[in-house]
Amino acid sequence: MALGFFALAIFLFLTLDPDVSPSSTASASAASSEGVEITYGSVIKLMHEKTKFRLHSHDVPYGSGSGQQSVTGFPTVDDSNSYWIVRPEPETSAKQGDAIKSGTIIRLQHMRTRKWLHSHLHASPISGNLEVSCFGGENDSDTGDYWRLSIEGSGKTWKQDQRIRLQHIDTSGYLHSHDKKYSRIAGGQQEVCGVREKRADNIWLAAEGVYLPVTEGKQAAE
């Protein structure tokens, strides 16, 4: 586990935006306590509250629907394919190290494959809900990658272990999972999909990861 976090810290050092100061870079660390602020550029795992599975992807396409890279829920913590980089909507003033307010549109980039968490009107493989996939690339992103962050409760900015929902902009579907599991290629992993209703099964929490500190002067008012 410690080795994995060290590798993530090296990754962040090599990919930081030039306007992030060296002192901020040195402060990037593995989050291990409740209430750590989540900022753009942080590398996180999203945990499904009800089942404790992590949001996961790998270079395996769906055998139906879009045929794009599949997204699943993964049962164990120690898997590098469950890391996602928190990115802002393009062409905004948001910068790496900025805190993220409830209601903000964000994107999640899969760290290993560099594709974006995506959704559309294709049917998901098991339940027939909205398919969630990974699509695009480093400089290839569209509105199908946009998700609105909604914090459950009174918090104004996103923090670790805070209950959140992610609602897809194009389809209005909430990022969702449940105990319906794949039996073949992704055996033991569970379906991730989109549903348009608010349910207990579309609550997520930021869990393990490397969190960049809030850039000086960018701390959102509580």
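The protein contains 2 helices and 13 strands in this predicted model. Of its 222 residues, 50% are buried. Among contacts with a separation of 6 or more, 69% join residues 24 or more positions apart. The accessible surface of the protein amounts to about 10000 Å², and carbon and sulfur atoms account for 51% of that surface.

The largest nonpolar core comprises 27 residues. Within this core, the residues with the most contacts are Leu46, Leu55, Leu117, Trp158, Leu166 and Leu175. At least two core residues come from each of the strands β2 (43-48), β5 (84-88), β6 (105-110), β8 (130-135), β9 (147-151), β10 (164-168) and β13 (204-211). In soluble globular proteins, nonpolar side chains tend to be buried together.

The surroundings of Leu175 were examined individually. With residues up to four places away in sequence left out, Leu175 touches Leu55, Leu117, Val132, Trp147, Leu166, Val192, Cys193, Asp201, Asn202 and Trp204. Two members of this list, Leu55 and Leu117, are, like Leu175, among the core residues with the most contacts. The list also includes Asp201 and Asn202.

Cys193, a contact of Leu175, has a relative accessible area of 0% and is therefore buried, the limit being under 20%. Cys134 is likewise buried, because its relative accessibility is 1%. The number of disulfides in the model is 0, with a cut-off of 2.5 Å between cysteine sulfur atoms.

The loop between β12 (190-195) and β13 contains Ala200. Ala200 has a relative accessibility of 52%; this value is over 50%, so the residue counts as exposed. The C-alpha atoms of Ala200 and Ser177 are 9.7 Å apart in space, while the two residues are separated by 23 positions in sequence.

Backbone geometry was considered at two further loop positions. Most residues other than glycine have a negative phi. Glu91, in the loop between β5 and β6, has a positive phi, near 60°. Glu91 is exposed because its relative accessible area is 85%. Asp161, which is not a glycine, has a positive phi of about 65° and is placed in the loop between β9 and β10. The relative accessibility of Asp161 is 34%, so this residue counts as partly exposed.

Definitions and conventions: Residues are numbered from 1 along each chain as its sequence is written. This is a predicted model: local features need pLDDT of at least 70, side-chain atom pairs count only at pLDDT 80 or more; totals for chains, interfaces and linings use all residues. Side-chain values use heavy atoms; hydrogens and water are left out. A nonpolar core is a set of buried Ala, Val, Leu, Ile, Met, Phe, Trp, Tyr and Cys residues joined through side-chain atoms within 4.5 Å. Buried means under 20% relative accessible area, exposed over 50%, partly exposed in between (1.4 Å probe, protein chains only). Helices (H or I, at least four residues) and strands (E, at least two) are DSSP runs, numbered from the N terminus. Contact means heavy atoms within 4.5 Å. Accessible areas come from the Shrake-Rupley method with a 1.4 Å probe; for residues, only the protein chains shown count as cover.
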